[in-house]
Amino acid sequence: MGIINCIFLLILCARANYFLLSLAEDCQLLTKIPKVKCLRNSRREGLIRSRVRGADSATAEILTFLDSHCEVNSEWLQPMLQRVREDYTRVVSPIIDVISLDNFAYLAASADLRGGFDWSLHFKWEQIPIEQKMSRTDPTQSIRTPVIAGGIFVINKSWFNHLGKYDTQMDIWGGENFELSFRVWMCGGSLEIVPCSRVGHVFRKRHPYDFPEGNALTYIK
Ligand SMILES: [Mn+2]
């Protein structure tokens with residue numbers, strides 16, 4: 001825990017008000033855990049504005065964003081921190097393993113994938129090109145990726161601020177990882193997946209909350 005300065009729990013309030021009232025004491029309970037601070041939105045703000053709020057509150061040099069439905073492995077953070085320490089313009093993510101939605105079984109993901117997207121701006125994993133694969137002599141070497149998945153990544157806080165953080169006019173989630181990825185490349189940084197770092201993530205089949213303006217419109221915005 002020595003490398004972690006503070007853990008911010010962001011409570012996004014994605015549910016209806018009656019649900020919030022029943023959870024009114026959750027912050028009081030969670031902040032009994034060492035280093036945990038709790039930020040609760042008073043109204044629904046979505047992931048993007050909530051994360052900016054968390055980032056603004058953080059005092060550490062490096063930020064790690066992590067979805068709530070994740071399970072980390074031992075020493076998952078150090079390999080990513082090292083890459084960002086060596087070059088603050090690197091934005092790095094782990095290999096994201098799959099936690100089964102049905103029984104929470106932990107399934108290893110392929111280490112030969114990088115981030116991509118289709119023309120409706122949906123994130124998808126793609127095989128790393130054969131030339132890149134052939135040139136990899138060391139399996140611990142980082143994998144350069146055009147875009148990162150939005151849920152889990154590490155970034156230098158000053159670099160995040162320099163890039164303009166997230167566009168807080170965006171609602172809920174959907175396009176923020178592309179926007180940030182494009183800014184990183186356009187501003188001379190780089191994006192990579194660090195294979196020595198693995199984090200499990202529950203990939204959901206549907207969302208346990210609604211998109212008031214509709215899924216597609218929110219993405220495009
Ligand atoms: Mn997620």
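What follows is a short chat about a predicted model with a manganese ion.

User: Which residues coordinate the manganese ion?
Analyst: The manganese ion is coordinated by Asp 67 through OD and by His 69 and His 201 through NE2, at 2.0 to 2.2 Å; donors here are N, O and S atoms within 2.8 Å of the metal (3.2 Å for Na, K and Ca), and water is not among the atoms, so sites may look incomplete. This is a predicted model, in which local features need pLDDT of at least 70 and side-chain atom pairs count only at pLDDT 80 or more, while totals for chains, interfaces and linings use all residues. Residues are numbered from 1 along each chain as its sequence is written, and side-chain values use heavy atoms, with hydrogens and water left out.

User: And what spacing do the donors follow along the chain?
Analyst: They follow D-x1-H-x131-H. Asp 67 lies in the loop between β3 and β4 (70–72) and His 201 in strand β11 (residues 190–202), so the pair ties together parts 134 residues apart in sequence; strands (E, at least two residues) and helices (H or I, at least four) are DSSP runs numbered from the N terminus.

User: Are Asp 67 and His 201 buried or exposed?
Analyst: Both Asp 67 and His 201 are buried, meaning under 20% relative accessible area, where exposed is over 50% and partly exposed in between (1.4 Å probe, protein chains only).

User: Switching topic, what does Ile 155 touch?
Analyst: Not counting residues up to four places away in sequence, Ile 155 touches Ile 62, Leu 63, Phe 65, Val 84, Val 91, Phe 160, Leu 163 and Leu 180, with contact meaning heavy atoms within 4.5 Å.
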